[in-house]
Amino acid sequence: MESKVTADKREKATRFAAILSQLRKEKGYSQKKAAADLGISQALLSHYEKGIRECGLDFVIRCSEYYGVSTDYLLGVSDVRHGMNEEYFSKISGEIQSEEAMKSLSQGMKILVDAAIKTDNKRYSFNYLHDCYLLSLYSIALTLAKVGALPKDMFMLDYNVGHELAAAATTVLHSRFAMNEYRGGEEIMNLESETLQMIVKGAEKYLMENYIFE
């Protein structure tokens, strides 16, 4: 009789295979093209999509970048493609941020990811957004640890050093990406433009009201 662990493992593998195949078909890519882009043979990709063979973590990450989805979605752990769940944001919205404002941040992140994977160099653009987002979350985590909301032993770096390095690294990321001057892909939809405009206006209003003094 099959154990529960084995059954769960088989179910996850089947889910991953189905999602992998679905994403390729949604993009309109042939197995030959996707396999070449991902650096594997068509036969191996076929085995992955049929659940005949298991892949490594490196391939999962490459696929998440290639198709522009989170690894959690690819593995069938989450139904949210970009790792930004609007229902979760609505739970944490309170007196300071309205539910609509929190949802706009979630949608904004999705728009930026979608825009990044439409550029000439998809992997470079996606990695740029990933690294910026990673460093932003790291800075927030540092601050939460500073006030006791997270354990300080999670971090190897001192609070001030960590913040300074993260800020410097983020600045370098922005500069490198801007200097490469990668051309964009398709223009975003009007609805998405409005969402981004609202985010940009909100950010600039915050900066001018709090950091620019007449």
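1. Leaving aside neighbours within four places in sequence, C132 is in contact (heavy atoms within 4.5 Å) with L173 and H174. C132 and L173 lie 41 residues apart in sequence, and their C-alpha atoms are 7.3 Å apart in space. The model is predicted: local features need pLDDT of at least 70, side-chain atom pairs count only at pLDDT 80 or more, and totals for chains, interfaces and linings use all residues. Residues are numbered from 1 along each chain as its sequence is written, and side-chain values use heavy atoms, with hydrogens and water left out.

2. C132 belongs to helix α8, residues 122-146. Helices (H or I, at least four residues) are DSSP runs, numbered from the N terminus. The relative accessible area of C132 is 13%, so the residue is buried (under 20% relative accessible area; exposed is over 50%, partly exposed in between, with a 1.4 Å probe and protein chains only).

3. S139 is also placed in helix α8. Its relative accessibility is 17%, which means that S139 counts as buried. Apart from neighbours within four places in sequence, S139 has contacts with H163 and A166.

4. Y133, again in helix α8, is partly exposed because its relative accessibility is 33%.

5. A nonpolar surface patch consists of Y133, L137, I140, L144 and V147, together holding about 450 Å² of accessible area. Patch residues have over 30% relative accessible area and no salt bridge; like charges are joined within 9 Å, and nonpolar side chains (Val, Leu, Ile, Met, Phe, Trp, Tyr) within 5 Å. A salt bridge is a side-chain nitrogen of Lys or Arg within 4 Å of a carboxyl oxygen of Asp or Glu. Accessible areas come from the Shrake-Rupley method with a 1.4 Å probe; for residues, only the protein chains shown count as cover.

Terms used: Helix = DSSP H or I, 4+ residues; strand = E, 2+ residues; numbered from the N terminus.
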